[in-house]
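Welcome! Take a moment to look over the sequence and the 3D view, and then we will walk through them together.

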Amino acid sequence: MTHNIAIIGFGNIANAIVTPLLDKKIIQPENVFCVVNTEKSLENIKKNYKYDINVYKSDAKESKIIWDCQYKLLSIKPQQLNDINEDHYLKNKDNLLVSILAGVSINRLTQKFPNHKCVRVVTNIPITIGKGLTGISWGEGITQDQKQFTKKLFENTSKIYEFTEDYLDIFLALTSSGPAIIALIIEALSDGGLSGGLPKILSEELVMEMIIGTTNLIKESKLTTSDLKNLVTSPGGTTISALRVLEKKSVRSALIESIVSASNRSKEFR
Ligand SMILES: NC(=O)c1ccc[n+]([C@@H]2O[C@H](COP(=O)([O-])OP(=O)(O)OC[C@H]3O[C@@H](n4cnc5c(N)ncnc54)[C@H](OP(=O)(O)O)[C@@H]3O)[C@@H](O)[C@H]2O)c1
């Protein structure tokens, strides 16, 4: 791609999206124009980032150059959105803004950036190792070229799903909050192993391998999750004893409600 790309906020997720594109030479460092908020981040990128991209501090006059880029990735935190204002003197028509902000609707983006076509994207933290999940919702009037550009940003590092916007909050709850829920489960199960006398590191390794093995088994076999549960649950055995505790503590319900709650929270950002 030879377009100039503006990156508004170059934190963890922007880094995870942009660096593989630079690694694979899909974009060139001289075409990347990014803006950050603090001197510390500016210096850090200038000194330590492995590519010589253009980087500016948000209050520097030169940072206005980002508004001359037709393509923009908005990757600040949702609560920082009020600090960003579209420049009134845009050089180009057909400007595209791709937002990865949790919960911020296309409608709000379009009001905030009236001279841009807006795309709302939800991605998740495994994108940092190229195993992300990305949901995309297109705003009004996005061209095929703009769709292609947006997909190019994410297809290297994640599986892409296209949705209408009403599905994005629940997609976010499952895929973006999900890693924290799974981390909590891994931690808790490992503590169970620890309580039974296993060293912490071994216990955590066993839990993670067990989860990977179980997930792969479900994916590769024709077993449903219920089939699998029944397969390993014998009458009066250890597994039914464990499951009984989980049912008594309403763990199933707590997990369902955790996803509903994350989705509702995402809706509040609109
Ligand atoms: N973390 C996740 O799991 C995850 C997953 C998917 C999507 N997201 C979404 O990704 C977005 C970014 O998350 P993150 O974890 O990458 O955040 P982050 O690491 O805190 O990065 C935010 C970036 O925005 C910059 N910034 C703040 N105010 C700015 C301003 N006024 N002008 C220009 N730049 C500004 C910050 O600069 P300074 O460093 O100088 O302050 C920083 O570079 C969020 O909206 C989040 O909802 C996050």
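Of the 27 residues around the ligand, which come nearest? The answer is Gly9, Gly11, Thr38, Ser41 and Ala102. Please keep in mind that you are looking at a predicted model.

How confident is the predictor? The average pLDDT of the protein is 95, and 100% of the residues score at least 70. Among the elements, helix H1 (residues 12–23) has the lowest mean pLDDT, 94, while helix H8 (residues 238–248) has the highest, 98.

Now step back to the overall layout. The domain assignment gives domain 1 (5–163) and domain 2 (171–268). Taken over C-alpha atoms, the centres of domain 1 and domain 2 are separated by 34 Å. Where the two touch, 9 residues of domain 1 are in contact with 8 residues of domain 2. On that side of domain 1 you will find 6 nonpolar, 3 polar and no charged residues.

Next, look for strand S7 (residues 132–138), which is mostly covered, with 6 of its 7 residues buried. S7 has pairing partners to explore. Strand S6 (residues 116–122) runs antiparallel to S7, and 4 bridges join them; Arg120 has Ser137 in S7 as its bridge partner. With strand S8 (residues 158–162), S7 pairs in the parallel sense over 5 bridges. There, Ile136 stands opposite Glu162 in S8. In general, the side chains of a regular strand alternate between the two faces of the sheet.

Helix H4 (residues 144–155) is worth a stop too, as Glu155 is found in it. Why does Glu155 count as partly exposed? It has 13 C-beta neighbours inside 10 Å, whereas a residue needs 20 or more to be buried and 12 or fewer to be exposed. Glu155 and Gly130 are 25 residues apart in sequence, and their C-alpha atoms are 9.2 Å apart in space.

Finally, return to H8. Of its 11 residues the number buried is 0, so H8 lies largely in the open. After H8 comes Ser250, whose phi is positive, near 55°.

How values were computed:
Residues numbered from 1 in each chain as written. Predicted model: local features only at pLDDT ≥ 70, side-chain atom pairs only at ≥ 80, totals over all residues. Domains from an automatic or database assignment. Contact = placed C-beta atoms within 7 Å. Nonpolar A, V, L, I, M, F, W, Y, C, P; charged D, E, K, R; others polar. pLDDT = per-residue confidence, 0-100. Helix = DSSP H or I, 4+ residues; strand = E, 2+ residues; numbered from the N terminus. Near = placed C-beta within 6 Å. Pairing = 2+ DSSP bridges.
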